Amino acid sequence: MKGFERKDLQFSLCGLNCALCPMQADGHCPGCGGGAGNASCSIARCSLEHGKVEYCFQCEAFPCERYKADDAWDSFVLHRNLKQDMEKARRAPGAYHSQLKAKQEILRELLDKYNDGRHKSFFCTAVNLLELERLQRVMGQLEKGEAAPAKELAARAKEWMQGEARQQGVELRLRKKTASKE
């Protein structure tokens, strides 16, 4: 969007973790306000109208109508932790960005070493939803594991992440909107 630029391309204006998005991992999107590939966005337009705030939580009108209800559906990136992540970033921006960077490094390693070509979305979802300590535990297990074909490594990583997710009480899947049958 013309005139909309931001310094932080890892954490979006609206609270999405761009650093953990499959579109950014593939180089198809530079992140919120990153220039080429940055699509038109009503929230970006709103930021321009409200003094170019870097994050919605910095706006005097926050929380506005956009944030009254929860996002019921995810796109290719998770929306369900949006408000919670914005609150973490608002309270402790340095700590939140450090955690996001650590998660981004884990995602990069998962995609480089443990993806068989079929688990990118799963890994992005898992890294978004699992607590950092749980991800670090899985990565430690993977590093200690024996060498194996990519398909077996991906299955091992997925199984261990699902085990951590059960303990944390989260489901590692995108919430897709289903077509209504009328």
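Are Tyr55 and Phe57 buried or exposed? Both are buried. The notes below start from this pair. The model is a predicted one.

1. A pair of aromatic rings is described by the distance of the centres and the angle of the planes. For Tyr55 and Phe57 the ring centres are 5.2 Å apart and the planes meet at 5°, so this pair is stacked. The cut-off for stacking is an angle under 30 degrees. Tyr55 and Phe57 belong to one aromatic cluster together with Phe11 and Tyr96. The count of aromatic pairs comes to four.

2. **Arg6, a buried arginine.** Arg6 sits in the segment before α1. Its relative accessibility is 8%, so Arg6 counts as buried. Where does its side chain reach the backbone of Glu54? It reaches the backbone oxygen, at 2.9 Å. A polar atom of the Arg6 side chain also lies 2.7 Å from the backbone oxygen of Asp8. Leaving aside neighbours within four places in sequence, Arg6 is in contact with Phe11, Ser12, Leu13, Cys32, Gly33, Glu54 and Tyr55. Two of these contacts, Phe11 and Tyr55, are members of the aromatic cluster in point 1.

3. **The nonpolar core.** In soluble globular proteins, nonpolar side chains tend to be buried together. Here the largest nonpolar core has 46 residues. Phe11, Leu110, Phe123, Met161 and Leu172 touch the most other members. Helices α2 (42–49), α3 (82–91), α4, α5, α6 and α7 each supply at least two residues of this core. The largest share, seven residues, comes from α4.

4. **Helix α5, enclosed.** Helix α5 covers residues 120–129. Eight of its 10 residues are buried, so α5 is largely enclosed by the rest of the structure. The buried ones are Phe122, Phe123, Cys124, Thr125, Ala126, Val127, Asn128 and Leu129. What do they pack against? Their partners are α1 (22–25), α4 (93–114), α6 (132–144) and α7 (150–168).

5. **Asn128, a buried polar residue.** Asn128 lies in helix α5. Its relative accessible area is 8%, so Asn128 is buried. Which residues does Asn128 touch, not counting those up to four places away in sequence? They are Asn17, Leu20, Leu78, Asn81 and Lys103. Asn128 and Leu20 are 108 residues apart along the chain, yet their C-alpha atoms are separated by 6.5 Å.

6. **Cysteines.** A disulfide is a covalent bond between the sulfur atoms of two cysteines. A search of the whole structure finds zero disulfides. Cys14 has 13% relative accessibility and so counts as buried. Cys64 is in no disulfide either; the nearest cysteine sulfur, that of Cys46, is 5.8 Å away. At 24% relative accessibility, Cys64 counts as partly exposed.

7. **Backbone points to check.** Most residues other than glycine have a negative phi, and most peptide bonds are trans. Two places in the loop between α2 and α3 deserve a look. Pro63 lies in that loop. The peptide bond joining Phe62 and Pro63 is cis, with omega about -5°. Lys52 lies in that loop too. Phi of Lys52 is positive, near 60°. Lys52 has a relative accessible area of 56%, so this residue is exposed.

8. **Lys113, an exposed lysine on α4.** Lys113 is found in helix α4. Its relative accessibility is 52%, so Lys113 counts as exposed. Lys113 and Leu142 are 29 residues apart in sequence. Their C-alpha atoms are 9.9 Å apart in space.

Note on methods. Residues numbered from 1 in each chain as written. Predicted model: local features only at pLDDT ≥ 70, side-chain atom pairs only at ≥ 80, totals over all residues. Heavy atoms only, no water. Buried < 20%, exposed > 50% of the residue type's maximum accessible area, 1.4 Å probe, protein only. Helix = DSSP H or I, 4+ residues; strand = E, 2+ residues; numbered from the N terminus. Contact = heavy atoms within 4.5 Å. Core = buried A, V, L, I, M, F, W, Y, C linked by side-chain atoms within 4.5 Å. Phe/Tyr/Trp six-rings, centres within 6.5 Å; stacked < 30°, edge-to-face > 60°. Polar contact = N/O pair within 3.5 Å; in protein donor to acceptor, adjacent residues only side chain to side chain. Disulfide = S-S within 2.5 Å.
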